[in-house]
Amino acid sequence: MDENIWPESGDFVVCTVKSVTDFGAYTTLEEFDGKEGFIHISEIKAGWVKYVRDHVREGQKVVCKVLNVDPSRRHIDLSLKDVNEHQKRAKIQDWKNEQKAFKWLQFVSEETGTGEEEMDKLKLKLLESFGSLYSAFEEAAINSEDAFNEVKMKKKLVSSIVSVAQSNIKLPFVDIAGFVDLNCFLPDGIEIIKQALGAGNDVEKDDDVRVEISYTGAPRYRIKVIAPDYKKAEAVLKKSATAAISTIEKLGGKGEFHRHNDTVKA
């Protein structure tokens, strides 16, 4: 990963505990080129902590919430206590999926004879277009070459990605998507938009339904819903868009929902 890419406050990250001290634990962030983060003893768990080692150990994988990032000092403050079990499971699954997708991308590189520099550019392009590498392969498994109609890529790379995706991903569920446009021009507009996206992502849903929200280009965000059937998927998509729009409008912004090339106020 690019050395200049850092997590943002509020992100959930997968970390490996590097060392444990009396006042906290140092970790390396798996998704951010091994950048170092620190969990202060007060952020280990709710309540009083006497011994940090009673709760974390060297080599342990943990999911943390990013509290503060200071690239100039190369310092990241983390919290372990601010992550609940649902968030932990979801983040670990996403991380494992990304690891799989990264390996699949290596298969594509070998199959097409594409060099490292070009593959790095492709990886960034897929992340920008789909939000994650796994989502790109998932879309390829569902929609074949059509998944990349709006992404400028070499045909041999598209064909290889589709082939690898369809060989490795089983899709018993349906997949639909819509878009929300979120605007807020207040001084804390970015934080308000984040809150709206969080509301859209955290809507109540069954365990067999997944919601993924990704940035596609200002002011548009893509909401993807994976569910056992279209009826359930459509219901959750509408619920997610409504939650995001309601939240941003309550906080002083505006939002619109787009589906099937129509524009409808949620």
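Predicted model: local features only at pLDDT ≥ 70, side-chain atom pairs only at ≥ 80, totals over all residues.
Let me begin with helix H2, residues 116-130.

Which residues of H2 are buried? They are Met119, Leu122, Lys123, Leu126 and Phe130. Because these residues cover an arc of only 105° around the axis, they sit on the same side of H2. The face turned away from that buried side carries the exposed residues Glu117, Lys121 and Glu128.

What do the buried residues of H2 pack against? Their partners are helix H1 (85-112), helix H3 (133-143), helix H4 (155-168) and strand E7 (210-217).

Strand E7 contains Ser214, which has a relative accessible area of 10% and is therefore buried, the limit being under 20%. Leaving aside residues up to four places away in sequence, Ser214 touches Phe130, Gly131, Tyr221 and Arg222. Phe130 is one of the buried residues of H2, while Gly131 follows H2 and has a positive phi, near 90°.

Helix H2 also includes Leu127, which counts as partly exposed at 30% relative accessibility. Together with Ile5 and Leu124, Leu127 forms a nonpolar patch on the surface, with about 210 Å² of accessible area in total.

I now turn to the salt bridges. How many does the structure hold? There are 16.

In one of them, Glu8 pairs with Lys194, and the closest N and O atoms are 3.2 Å apart. This pair links distant parts of the chain: Glu8 belongs to the segment before strand E1 (12-21), Lys194 belongs to helix H5 (residues 189-201), and 186 residues separate them. Glu8 is partly exposed at 44% relative accessibility, and Lys194 is partly exposed at 31%.

Lys194 forms a salt bridge with Glu191 as well, at 3.9 Å between the closest N and O atoms. Both residues lie in helix H5, three residues apart, which is about one turn of the helix. Glu191 is partly exposed, with a relative accessible area of 43%.

A further salt bridge joins the side chains of Lys61 and Glu30, at 3.9 Å from N to O. Lys61 is in strand E4 (residues 61-70) and Glu30 is in the loop between strand E2 (24-29) and strand E3 (36-40), so the pair ties together parts that are 31 residues apart in sequence. Lys61 is partly exposed at 38% relative accessibility, as is Glu30 at 34%.

Thank you for your attention.

Definitions and conventions. Residues numbered from 1 in each chain as written. Heavy atoms only, no water. Buried < 20%, exposed > 50% of the residue type's maximum accessible area, 1.4 Å probe, protein only. Helix = DSSP H or I, 4+ residues; strand = E, 2+ residues; numbered from the N terminus. Arc of directions from axis to C-beta. Contact = heavy atoms within 4.5 Å. Patch = residues over 30% accessible without salt bridge, like charges linked within 9 Å, V, L, I, M, F, W, Y side chains within 5 Å. Areas by Shrake-Rupley, 256 points an atom, 1.4 Å probe, with all protein chains shown as cover. Salt bridge = Lys/Arg side-chain N within 4 Å of Asp/Glu carboxyl O.
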